[in-house]
Amino acid sequence: MRLCFLFLVFSAFCVLTVRLAAADSAVWDSPFPAPDTGESEEPVPESVLPERPDESGAGLSSLEAAYAERFVDAPRQFGYSLFSNSGKYLPRNRPDLPAGAAQDDVLLNFGDSLRVAFRGQRTDSGVYRVDNDGAILLPDLEPISAAGRSLGDVREGIERAISGFHNTKASVSLVSVRQIEILVVGHVARPGRQILTPFHNVLDALNEAGGVEKAGSLRRIKLVRAGRSALIDLYGLLMYGSDANDMGLQDGDRIIVPPIGPTLAVAGEVKRPGIYEILPLPRGLRDGQQGWAESLSLNDLLDLGGGVLAPGRNRFLRMSLTPDGHEAVEEVRDSLESVFSEGDILNVARGSAKRAGTVTLSGNVRRPGLYALDRTPTLSALLDGEAALGPRVYPLIGVIERWDPDRLTGSLLDFPPDKVLLRAFDRKLSDGDTVHLFSMEDIRGLGASTAKTEEAAYGSADGGEGLDPMLAGFLRERCVRIGGAVRVPGAFPVSGGGVSLESLVAVAGGPGLDADPAAIEVAAAHSRPGEVARKRVALGGKEPAIVLKPGDSVRVGAKFKVIRGKTVTIGGEVRNPGAYDLVAGDRLSDLLARAGGITPQSYPEGAIFSRESERRAEESRFRAAAQDMERAIAASVDSGKAGEKPDVSQVALARDLAAELRAAQGAGRITVEADPGRLAAQPELDILLESGDRIYIPARPLTVRVSGEVLSPASLQFRKGKDARDYIDQAGGFSFHADKGRVFVVYPDGSAQPLSVDSWNHRPALIPPGSTIVVPRDPKPFDFLDSAEKVTHILSNLALTGIWLDDIRNGD
């Protein structure tokens with residue numbers, strides 16, 4: 001009994017579960033809208049929607065990829081961007097009533113819902129559904145027939161029914177309509193049954209199904225209804241806006257999207273390039289040799305592509321595939337012949353337009369562009385005033401670029417813009433001429449120097465940045481050089497008719513402050529073949545006007561010599577240290593006097609005089625020694641003799657020394673006499689100064705420096721009677737790497753003398769204060785080098801240079 005009871009309970013539970021599931025399914029599958037609960041439906045975020053392949057975005061479909069292999073700028077398939085839902089799978093939502101669909105002529109049917117609101121004596125309102133008897137039941141009123149009647153008729157029927165109520169009117173609107181079920185299959189993003197309303201059409205159904213994929217046809221969509229089918233071609237809607245094929249829907253309709261049919265492409269200079277689907281031939285008309293697709297003419301394809309971008313002499317090329325797979329290209333000349341079929345590509349190539357009856361104004365002008373030749377037949381008409389010119393226009397030359405039809409090349413003609421404005425020069429223009437004007441910056445970019453130098457250069461071949469190379473070369477050929485006392489010396493192009501001397505000086509910035517107008521030298525290159533005639537003229541003089549032509553040269557003389565930034569520097573124990581201007585003939589005694597003389601604490605015997613030219617020469621010697629050492633290192637390492645190759649530590653030391661030589665700065669020290677008294681007594685010792693010289697007058701020293709290979713290099717107090725060995729011992733003695741046989745002393749004036757400080761050949765030597773005792777390094781680690789005997793000298797020079805540079809820097 002207990003088992004039977006449990007079995008009955010379990011069976012009842014299963015039946016209840018099945019009924020609940022069926023009721024839930026009936027709610028979602030009901031042809032009527034779900035009751036409005038007042039809660040808004042939450043939209044599904046796009047981030048959680050499942051992705052599908054992009055059919056209309058940046059990715060190429062297989063068909064587009066196939067055309068891309070044949071044509072560089074492969075177009076996209078036409079028409080597939082129509083479907084707004086084609087990018088993602090969208091969730092199934094309850095269909096809404098299309099906006100603006102409920103007009104008075106809408107026919108009502110079973111399941112439609114109306115909202116009726118009364119105002120006046122009666123003020124109630126409600127939503128009423130057309131029941132299975134085709135009527136709507138309003139409170140206190142007789143049933144009103146609605147099924148099969150228009151919304152306007154039902155409104156009139158309700159108004160008649162309430163005519164007995166005093167001052168009462170009714171507002172009637174369609175709230176919801178019955179739902180219909182449409183089956184969409186084939187090449188759509190989301191095939192299956194779609195819930196819509198009778199007010200939706202085929203496009204709405206395709207959009208609800210996610211849109212037509214690029215593998216599906218837009219021209220052979222089939223609508224099946226009650227056993228009969230109709231073909232829908234969306235190209236009429238896409239190209240001409242026709243909705244003749246966009247049919248309304250009925251419950252139970254089926255929409256079938258077949259695979260895409262034959263295609264061809266229209267590319268190039270057309271308004272709507274794309275890959276277009278063409279219609280197949282009926283089965284009875286197909287020919288195995290001619291193919292199974294319709295043939296179109298050039299006009300038909302241009303109609304598909306929206307027409308050419310611009311009228312004119314366009315070329316129409318047909319690209320087709322031969323039976324053996326080769327690409328054939330032919331030009332189509334007959335626009336009515338039907339030669340295009342499946343797989344063909346029409347490429348429209350636009351011919352370059354040729355202007356007629358125009359001239360072009362270009363360059364440094366305020367209104368560049370095209371001008372009608374009949375209104376500007378001459379230069380004076382084109383350049384009708386200063387307002388036509390740009391800022392800082394170059395006045396001495398302009399260029400007309402003209403096409404020569406006889407030689408099929410361009411030619412260049414020069415003209416003087418300043419004379420055109422003064423109506424002193426004019427030239428007739430021809431069709432297609434381009435008139436170029438230049439700015440002062442354009443001309444100076446040709447190679448004119450911006451520095452005020454004695455010599456003006458023509459400039460490098462790559463000057464005139466921004467100008468066409470042919471124009472730049474044409475201008476350089478017509479240059480006149482001007483130098484001397486002008487503000488901007490350089491090379492300035494002039495027209496072939498020549499330019500006045502005053503105009504050339506003006507474009508060169510005018511005469512400088514030091515210019516001598518009466519001392520102008522003109523070199524004329526065109527006096528006689530192969531000769532140059534020079535003559536001296538005055539600027540603004542009474543002589544006949546000087547006309548300068550391309551190739552001539554002008555030099556403006558100076559009344560006095562301008563000091564051009566040459567300086568010398570003196571530091572240390574002088575009363576007024578610093579940088580001083582240098583003029584020709586200045587000597588060291590003059591500089592000492594300008595600096596206020598030396599101080600009582602000065603030590604002129606130890607003066608350090610550094611010269612720029614000597615510094616550069618010294619650094620060149622250092623670099624040459626480094627290069628020789630690197631070669632010797634390489635030769636020693638590559639040596640094939642056993643036992644002669646240096647070890648790694650020796651090579652590392654040599655390479656470090658070579659690197660130090662390359663980076664070493666030169667001192668450029670010259671031994672000079674700097675005592676003002678001796679210079680006055682012996683003027684022949686007074687050295688001439690050069691720009692860049694540096695003089696350091698040290699204070700009277702009380703020390704002797706010991707540097708190099710000693711245990712403790714230092715500056716030691718001077719003691720009368722002490723010799724070099726005493727100072728070395730006081731500095732801790734020789735280090736392990738000291739070369740005792742090559743010790744030397746450098747006296748305060750820069751002169752040097754070897755010292756004998758070894759125990760077997762010791763000879764005392766006078767060491768005055770301010771001297772430097774240098775103990776060089778033993779060159780044994782560098783014995784493997786062919787130039788090992790030079791290493792000691794190199795090391796000594798490096799040590800001394802470092803000491804002198806430190807003294808100069810300390811005195812600045």
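Predicted model: local features only at pLDDT ≥ 70, side-chain atom pairs only at ≥ 80, totals over all residues.
1. Let's start with a pair of facing residues: E181 stands opposite I195 in β7. Strand β7 covers residues 192-196 and pairs with β6 in the antiparallel sense over 5 bridges. The two strands form a hairpin, with 5 residues between them.

2. Residues are numbered from 1 along each chain as its sequence is written, and side-chain values use heavy atoms, with hydrogens and water left out.

3. Strand β6 has another partner too: β6 and β10 pair in the parallel sense over 4 bridges. If you want to find the spot, look at L183, whose bridge partner in β10 is R254.

4. Which residues have the most contacts inside the largest nonpolar core? They are L206, L249, I255 and L346, and the core has 40 residues. A nonpolar core is a set of buried Ala, Val, Leu, Ile, Met, Phe, Trp, Tyr and Cys residues joined through side-chain atoms within 4.5 Å. "Buried" is under 20% relative accessible area, "exposed" is over 50%, and "partly exposed" is in between (1.4 Å probe, protein chains only). Elements that give two or more residues to this core include β6 (180-186), α4 (202-208), β10 (254-257) and β17 (345-349).

5. Now zoom in on I255. Leaving out residues up to four places away in sequence, I255 touches several residues, among them I182, L183, V184, V185, L206 and L249. Contact here means heavy atoms within 4.5 Å.

6. Helix α3 (residues 151-161) is worth a look. Its buried residues are L151, G152, V154, R155, G157 and I158. What covers them includes β1 (113-119), β3 (135-136), β4 (144-145) and β5 (169-176).

7. Two loop residues have a positive phi without being glycine. D140, with a phi of about 65°, is found in the loop between β3 and β4. Is D140 buried or exposed? It counts as exposed, at 72% relative accessibility. N167, with a phi of about 50°, is found in the loop between α3 and β5, and N167 is exposed as well, with a relative accessible area of 61%.

8. Further along there is an open sheet of 5 strands with mixed pairing, in the order β31-β30-β34-β32-β33. β31 (578-581) and β33 (669-670) stand at the edges with a single partner strand each, so one side of each is left without a neighbour in the sheet. Inside the sheet, β32 (residues 608-610) and β34 (residues 694-697) pair in the antiparallel sense over 3 bridges. There, S610 has R694 in β34 as its bridge partner.

9. Finally, the whole chain: it comes to 17 helices and 39 strands. Of its 812 residues, 41% are buried. Among contacts with a separation of 6 or more, 66% are between residues 24 or more positions apart.

Definitions and conventions:
Pairing = 2+ DSSP bridges.
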